[in-house]
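Notebook open, viewer open. I'm going through one model today and jotting down what I look up.

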Amino acid sequence: MYWDATYRVATPLFLGGAKAKDKAELRPSSIKGLLRFWFRAIAWPRLQKWEKVKDLESTIFGSTEKQASFLLTIQKQEGLTEIKSDRWPNLYGLHYLGYGLTTFKGEVIRPYLKAGGCFTIRLHLKKEMPQDAIHYLPLTLQALGLFGAAGARSRKGFGSLSLETLTCNGEEIWKAPKTVEELHTSIKTFLQEIDIAGSQNSLPEYTAFSSHSRVWIALTGTNALNLLNSVGYEMLSYRIYGRESKGKHVLPDGKDAEQNFSPDHNLMLNFCRGKQISTHPERVVFGLPHNYYFKTTGDKIEIAPASKDYNRRASPLFIHIHAFAQRSYAVVITLLPAVFLPARERIEISSKHHKMSVNCNVNYNHIINFMNRSAFSRDKVVVWP
């Protein structure tokens with residue numbers, strides 16, 4: 001038994017091996033790693049325990065003690081042209097989402113695979129095939145192509161992958177959506193198949209689908225890069241305090257900053273001044289580490305998990321640009337709330353002069369408020385809940 005899945009690359013794909021800064025390429029090991037992640041995300045609603053998920057993951061994907069139950073190969077690649085250098089001037093949302101991939105002036109500093117190309121992967125089950133593999137593997141392939149992306153800054157929408165075809169032993173088992181309405185139906189059906197409504201009321205132990213998840217279609221358009229830039233600009237506007245200019249704080253394009261998180265700014269400024277604080281900034285819910293720089297004082301602040309065992313916490317928010325056959329696109333925004341850090345794990349706030357740790361107390365409503373921004377209201381379609 002085998003499955004063939006064809007994915008369309010909707011946005012620039014920054015993927016490579018050990019020399020990713022020099023060469024962009026599609027790698028089977030990277031794709032397998034992505035499938036592992038999405039398997040974990042979709043297995044939680046039914047299994048409800050990390051130990052059960054881990055055991056089944058080892059059975060399907062392999063471990064240090066056993067081989068995987070399938071072989072993964074890349075069958076074909078079309079149009080995945082490598083771009084060595086590029087510039088995205090004045091696309092401030094892209095600069096913000098692509099931090100580390102671009103400069104603030106929009107110069108792309110890593111090679112990438114051009115959007116618009118596609119590739120097909122094959123999962124070929126071995127003779128001893130567990131029934132759970134037959135159930136979960138096609139769903140995992142769908143999850144990657146409905147919510148996911150590959151490569152650097154993938155949770156921020158770069159490297160978005162849209163599933164175009166899915167066959168089992170050469171026969172079609174899934175139809176690609178052609179419109180927003182069909183995309184809504186496809187995602188709704190998928191969520192029913194993983195039994196998202198049957199999950200417990202408590203948060204998952206790790207990033208996974210649950211009854212607490214949010215899945216929205218936020219924007220539509222005919223240019224994928226501009227759509228991603230629009231989402232990035234909304235996040236930029238929502239999150240940053242702004243740089244001081246002529247007595248006010250502004251965004252990179254000169255517009256007035258909203259300063260929705262001014263208490264975070266004031267909290268960290270008090271920390272720089274040596275004052276005792278008892279909490280962390282609210283914005284850490286978007287992921288750790290979370291850094292600050294105060295130009296007026298020259299202070300740099302890093303906020304990260306206190307334990308060296310958890311040096312980062314990836315964002316629970318996933319941005320996915322979905323490509324339709326008619327060269328139109330939709331933005332799918334997915335929030336997967338979970339236990340943010342392990343029990344009793346504290347968050348450390350440090351600068352050149354001070355260091356302290358506080359209890360972890362995040363509020364996912366700050367991300368939901370971002371998803372509710374007015375810029376998304378025209379095209380917004382709530383898929384779940």
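At what angle do helix α2 (residues 50–61) and α4 pack, and how far apart are their axes? I looked it up: the angle is about 90°, and the axes are 10 Å apart.

Some ground rules before I go on. This is a predicted model, where local features need pLDDT of at least 70 and side-chain atom pairs count only at pLDDT 80 or more, while totals for chains, interfaces and linings use all residues. Residues are numbered from 1 along each chain as its sequence is written, and side-chain values use heavy atoms, with hydrogens and water left out.

**Entry 1**

Helices (H or I, at least four residues) and strands (E, at least two) are DSSP runs, numbered from the N terminus. Axes are lines fitted to C-alpha atoms, for helices over the stretch in contact, and angles run from 0 to 180 degrees between N-to-C directions. Angles under 35 degrees count as roughly parallel, over 145 as roughly antiparallel, 65 to 115 as roughly perpendicular and the rest as oblique. So α2 and α4 are roughly perpendicular to each other.

Next I checked who touches whom, with contact meaning heavy atoms within 4.5 Å. From α2 I got Leu56, Ile60 and Phe61, and from α4 came Asp132, Ala133, Tyr136 and Leu137. Sorted by class, that is six nonpolar, no polar and one charged. (Ala, Val, Leu, Ile, Met, Phe, Trp, Tyr, Cys and Pro count as nonpolar, Asp, Glu, Lys and Arg as charged, and the others, Gly among them, as polar.)

**Entry 1: α4 on α5**

I stayed with α4 (residues 131–147) and looked at its crossing with α5 (residues 180–193): the axes come within 11 Å and cross at roughly 140°. That makes α4 oblique to α5.

I also noted that this crossing of α4 and α5 is left-handed, which is the label if the near helix is turned anticlockwise from the far one by less than a right angle (clockwise would be right-handed). On the α4 side the contact uses Leu139, Gln142, Ala143, Leu146 and Phe147; on the α5 side it uses Leu183, Ser186, Ile187, Phe190, Leu191 and Glu193. I sorted the residues of this contact into eight nonpolar, two polar and one charged.

Is threonine 140 buried or exposed? It sits in helix α4 and has 1% relative accessibility, so I put it down as buried. Buried means under 20% relative accessible area, exposed over 50%, partly exposed in between (1.4 Å probe, protein chains only). Skipping residues up to four places away in sequence, I found threonine 140 touching Leu35, Trp38, Phe39 and Ile42.

**Entry 2: the sheet**

In what order do the five strands of the open sheet come? I read off β2-β7-β1-β8-β9, with antiparallel pairing. Two strands pair if DSSP finds at least two bridges between them. β2 (70–78) and β9 (171–175) stand at the edges with a single partner strand each, so one side of each has no neighbour in the sheet. Neighbouring strands are turned by 25° against each other on average, direction ignored.

I then walked across the sheet, pair by pair:

- β2 and β7 share eight bridges, and I found lysine 76 opposite threonine 120 of β7.
- β1 (residues 2–9) and β7 (residues 118–125) are joined by seven bridges; alanine 5 has isoleucine 121 as its partner in β7, and tyrosine 2 stands opposite histidine 124.
- β1 and β8 pair over seven bridges, with aspartate 4 facing threonine 167 in β8.
- β8 and β9 pair over four bridges, with cysteine 168 opposite glutamate 171 of β9.

The hairpin of β8 and β9 has two residues between the strands, and there I spotted asparagine 169 with a positive phi near 55°.

How covered are the strands? In β7, six of the eight residues are buried, so the strand is largely enclosed by the rest of the structure. In β8 (residues 161–168), six of eight are buried too. I also saw helix α1 (residues 28–47) lying across β2 and β7, at about 120° to β2.

**Entry 3: asparagine 369**

Last stop: asparagine 369, in helix α8 (residues 365–371). I noted a relative accessible area of 41%, so asparagine 369 is partly exposed.
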